[in-house]
Amino acid sequence: MNPSSVDQVAAAIAQFEESTGHRDFAAFHFEQARKFKRVLVESTNPATGAGLAKATIYSRLMSVKAFFVWLAGQPGYKSRLTYSDMDYFNPSNNDGRIARATRERPAPTLEQIRRALSAMPAQSDIEKRDRAVVAFAILSGARDDAIASMLIRHVDLARRTVFHDAREVRTKNRKTFTSIFFPVGTDIESIVAEWISFLTRERLFGLDEPLFPSTRIEVGATGLFEPTGLDRVGWRNATAIRRIFHRAFENVGLPYFNPHSFRKTLGALGEKLCTTPEQFKAWSQNLAHENVLTTFTSYGAVTSNRQADILTELSKSGAGAREGDPDERTIQQVVAYLHKKAS
């Protein structure tokens with residue numbers, strides 16, 4: 001698993017141990033699971049002061065439960081732990097449904113992304129980089145951590161491809177694949193091309209140097225640390241990219257759309273542009289999805305606004321319906337049926 005996922009599981013187990021006073025795992029009793037659930041319900045988020053979300057509670061309970069299920073099969077614990085006792089980690093059915101429910105997450109339209117790009121300044125080296133990051137995210141469909149670790153040679157402008165080499169690029173599940181630029185417009189593609197040209201010709205970056213260098217921080221004339229240009233190393237994580245996205249949309253009065261939401265934008269765009277199963281399969285593969293259903297279920301959901309528009313259009317076109325009121329014969333049949341059921 002990803003190290004961050006391992007850390008979350010370890011933190012959940014540590015919180016459970018704290019609730020039991022660090023008793024031996026072999027002395028587990030189902031009442032400890034019940035107490036742990038109460039502890040989680042009473043816990044608060046240190047950042048907001050609010051109670052933990054149902055999804056957070058569910059995740060921590062399932063992490064600890066999975067640990068004990070595994071432990072029950074290990075030597076020295078098989079005779080001490082009972083599998084049925086692990087079920088006491090389960091939340092109530094209602095809480096479980098709330099925690100697992102999928103919720104609509106907003107994604108920007110291409111027009112909103114263009115609006116943000118057009119408003120982003122591009123005078124300094126840092127401003128040029130920030131604008132290119134946003135443009136590259138929608139052009140490539142790459143995840144933010146992959147973008148942060150990409151090198152210049154991974155992008156082939158002539159072939160319009162991006163090589164996600166897992167040996168150097170922090171791809172999800174360490175997949176290695178090649179994607180093609182998505183058809184989002186030559187204006188967006190030109191921003192990326194101009195950025196790479198600027199890096200290699202004016203700043204003399206080599207092909208093995210980062211595509212998006214981090215910001216160089218030095219002591220300025222005021223005696224304080226301040227940004228002075230581009231460093232020659234890449235970002236260690238995607239935190240800076242998220243800050244760039246936040247500023248870009250905030251500057252044009254739009255809500256914050258995180259980098260991952262751009263993949264949802266591309267998923268919705270693919271549903272509109274692709275007219276054959278083969279085309280959508282290619283589109284799905286370009287998002288690094290092995291199964292086309294992943295694109296449909298994870299990124300291809302119809303938003304509630306679009307759902308309303310589609311049904312309104314169908315109503316106006318008469319699809320699946322007939323003009324006018326139901327005929328008299330149909331009404332009489334329904335009434336007769338209801339009378340028969342009542343009697």
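**Architecture, salt bridges and surface features of the predicted chain**

Of the 343 residues that make up the chain, 35% count as buried, where buried denotes under 20% relative accessible area, exposed over 50%, and partly exposed the range in between, computed with a 1.4 Å probe and with protein chains only. The model is a predicted one, in which local features need pLDDT of at least 70 and side-chain atom pairs count only at pLDDT 80 or more, whereas totals for chains, interfaces and linings use all residues. Residues are numbered from 1 along each chain as its sequence is written, and side-chain values use heavy atoms, with hydrogens and water left out.

The chain contains 14 helices and five strands, these being DSSP runs numbered from the N terminus (H or I of at least four residues for helices, E of at least two for strands). Among contacts between residues at least 6 apart in sequence, 57% join residues at least 24 apart, a contact being defined by heavy atoms within 4.5 Å.

Side chains of opposite charge can pair when their charged atoms come close. A search of the whole structure finds 15 salt bridges, each defined as a side-chain nitrogen of Lys or Arg within 4 Å of a carboxyl oxygen of Asp or Glu. In one of them, the side chains of Lys-54 and Asp-95 meet at an N to O distance of 3.2 Å. Because Lys-54 lies in helix 3 (residues 54–71) and Asp-95 in helix 4 (residues 93–100), this pair ties together parts that are 41 residues apart in sequence. Lys-54 is partly exposed, with a relative accessible area of 38%, and Asp-95, at 28%, likewise counts as partly exposed.

A salt bridge also forms between the side chains of Arg-247 and Asp-130, with an N to O distance of 3.4 Å. Arg-247 lies in helix 9 and Asp-130 in helix 6 (residues 125–140), so the pair ties together parts that are 117 residues apart in sequence. Arg-247 is partly exposed at 41% relative accessible area, whereas Asp-130 is buried at 8%. Both residues belong, together with Arg-129, to a network of salt bridges.

The side chains of Asp-208 and Arg-153 meet in a further salt bridge, at 2.4 Å from N to O. This pair links distant parts of the chain, 55 residues apart, with Asp-208 placed in the loop between helix 8 (186–202) and strand 4 (213–219) and Arg-153 in the loop between helix 7 and strand 1 (155–156). Asp-208 counts as exposed at 56% relative accessibility, while Arg-153 is partly exposed at 37%.

The second largest pocket has a volume of about 700 Å³. Its lining comprises 20 residues, of which Asn-2, Arg-143, Asp-144, Asp-145 and Lys-172 lie nearest the centre. Two or more lining residues are given by each of helix 1 (3–20), helix 7 (144–149) and helix 9 (239–250), and the largest share, three residues, comes from helix 1. Pockets were located on a 1 Å grid over the protein atoms alone, as open sets of points where a 1.4 Å probe fits, with protein on both sides within 12 Å along at least five of seven lines, and lining residues have an atom within 4 Å of a point. Grid points are joined across faces, edges and corners, and the volume is the space filled by probe spheres set on the points.

On the surface, Ile-217, Val-219 and Phe-225 form a nonpolar patch with about 340 Å² of accessible area together. Patches are made of residues with over 30% relative accessible area and no salt bridge, nonpolar side chains (Val, Leu, Ile, Met, Phe, Trp, Tyr) being joined within 5 Å and like charges within 9 Å. Phe-225 is found in strand 5 (residues 225–234) and counts as exposed at 66% relative accessibility.

Backbone geometry was also examined. Most residues other than glycine have a negative phi. His-22, although not a glycine, has a positive phi of about 60°; His-22 is placed in the loop between helix 1 and helix 2 (30–42) and is exposed, with a relative accessible area of 55%. Arg-174, also not a glycine, has a positive phi of about 50° and is found in the loop between strand 2 (161–164) and strand 3 (177–180).

Definitions and conventions
Areas by Shrake-Rupley, 256 points an atom, 1.4 Å probe, with all protein chains shown as cover.
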